[in-house]
Amino acid sequence: MKLTSIFASTLAAGILALSSAALAQSEIKSIVYVSPTSIGVNPFLIMGKDGTEAIAKKLGATATTVESDTQQSKLENVSAAANDGADVVIVLGFEFNDIIADVAPTQPDTQFLVVDSCPPGDRPDNVHCAVFREYESSFLMGVIAAMSTKTGKIGTVGALDIPFMHRFSDGYAMGAKYVNPDIEVETRWVGGQSPFSDPVRSKEQSLALKAAGVDVIFAAAAGGNFGIYEAASEAGFKAIAVDVNHCPKAPGLLLDSALKRVDQVIIQSMEKIANGEKATFAAFGIAENGVGSIASSSDEVLNASECLIVESPEVVAKVREVAAEIASGELKIEDPMFAKK
């Protein structure tokens, strides 16, 4: 079975989990998904669109996708969706926090689902949040990198130096040092005008890490990750992806991926909204199947992944051991986002 088929089956299973009671009682007829930037090849944003469309189909609702390009357009898109009668507006990312905080109180008949962030302070009943514990899956990637490096130096190329992105870079470093306290870990940031969609700058930063002796790079630059994969092909280092499995798109280059199951989180959150729950909040980590990795997934997913981790059973075994410890609470990891001043 192809990996895409496995993911499709997983998505279908999540949709079927939606209770019949929710379907019968739901009055949701229109769902609008507002992306923070152009979707392009950004796997995180693609999963948001896929999850929205899948749950809309199950609810018998219409799904509309609106792409943004500036902060002003984000505000305009969210406001327009609510003014046009959307029952639910789904947004992804911290860029929408202030917008939702301003718009939601003026639109009590619209439900707002913020994925991957949550407006601070008291939330109105019509604002719902679903966040991830990305540092847990990043921790697993650090374990993989530490057990795979030959130089003793690993690194991260992150999109932007903000507290949220340290959930990836710092989580990765913590996982690496968990298995090898002496390992060297370096982080470079893409920055610039389009930090989440700049493959050119991402490639430059990864090549700089390679020149410094790094031989395993965690690609956490969103749409810019393909520039890192290109550099890996040219310079001869190994990479680790985020959000979805990119191994088939970069054969022989990727060890694993820190999975972030955005589609499943949207489905589970929409179930609560369809049931009429108010101001819901949920954090999804390894225990909730919101984040994970190829190595910690089933043998079926692992063997179909085309990731290099398949060739290292001892690393797979260690990753699964650590994932189980995190899920059970035996191994507790501090959230780097709140550790940053």
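Is Ser169 buried or exposed? Select Ser169 and you will find it buried, at 3% relative accessibility; buried means under 20% relative accessible area, exposed over 50%, and partly exposed in between (1.4 Å probe, protein chains only).

Before going on, a word about what is on screen: this is a predicted model, in which local features need pLDDT of at least 70 and side-chain atom pairs count only at pLDDT 80 or more, while totals for chains, interfaces and linings use all residues. Residues are numbered from 1 along each chain as its sequence is written, and side-chain values use heavy atoms, with hydrogens and water left out.

**Stop 1: around Ser169**

Keep Ser169 selected and colour helix H7 (residues 166-179), where this serine sits. Helices (H or I, at least four residues) and strands (E, at least two) are DSSP runs, numbered from the N terminus. Now show the surroundings of Ser169: leaving aside neighbours within four places in sequence, the serine is in contact (heavy atoms within 4.5 Å) with Thr156, Thr187 and Trp189.

**Stop 2: the six-stranded sheet**

Next, select the open sheet, whose six strands run in the order S7-S6-S8-S9-S10-S12 with mixed pairing. Two strands pair if DSSP finds at least two bridges between them. Strands of a sheet pair through backbone hydrogen bonds, either parallel or antiparallel.

Look at the edges, where you will find strand S7 (184-189) and strand S12 (291-293); each has a single partner strand, so one side of each is left without a neighbour in the sheet. Neighbouring strands here are turned by 20° against each other on average, direction ignored. For such angles, axes are lines fitted to C-alpha atoms, for helices over the stretch in contact, and angles run from 0 to 180 degrees between N-to-C directions.

Step along the sheet strand by strand:

- Strand S8 (residues 216-220) pairs with S9 in the parallel sense over three bridges; pick Phe218 and find its bridge partner, Ile240, in S9.
- S9 and S10 are also parallel, over four bridges, and Ala239 has Leu254 in S10 as its bridge partner.
- S10 and S12 pair in the antiparallel sense over three bridges, with Leu259 standing opposite Gly292 in S12.

**Stop 3**

Select helix H6 (residues 134-148), which lies across strand S6 (153-158), S8, S9, S10 and S12 and runs at about 170° to S10.

Then move to helix H10 (residues 262-274). How many of the 13 residues of H10 are buried? The count is 10, so the helix is largely enclosed by the rest of the structure. Among the buried residues are Val262, Asp263, Gln264, Ile266, Met270 and Ala274. Following H10, select Gly276, whose phi is positive, near 90°.

**Stop 3: the disulfides**

Display the cysteine sulfurs. Taking a disulfide as a pair of cysteine sulfur atoms within 2.5 Å, the count comes to two. With the bonded cysteines numbered in sequence order, the pairing is 1-2, 3-4.

Start with Cys118 and Cys129, joined with an S to S distance of 2.1 Å. Cys118 lies in the loop between strand S4 (111-115) and strand S5 (127-132) and Cys129 in strand S5, so the pair ties together parts that are 11 residues apart in sequence. The torsion about their S-S bond is about 75°, so this disulfide is right-handed. Cys129 is buried, with a relative accessible area of 2%.

Now go to Cys247 and Cys307, with S to S at 2.0 Å. This pair links distant parts of the chain, 60 residues apart: Cys247 is in the loop between strand S9 (238-243) and strand S10 (254-260), and Cys307 in the loop between helix H11 (299-304) and helix H12 (313-328). A torsion of about 95° about the S-S bond makes this disulfide right-handed. Cys247 is buried at 1% relative accessible area, and Cys307 counts as buried at 4%.

**Last stop: Ser298**

Finish at Ser298, in the loop between S12 and H11. This serine is partly exposed, with a relative accessible area of 38%. Select Ala54 as well: the C-alpha atoms of Ser298 and Ala54 are separated by 23 Å, and the two residues are 244 apart along the chain.
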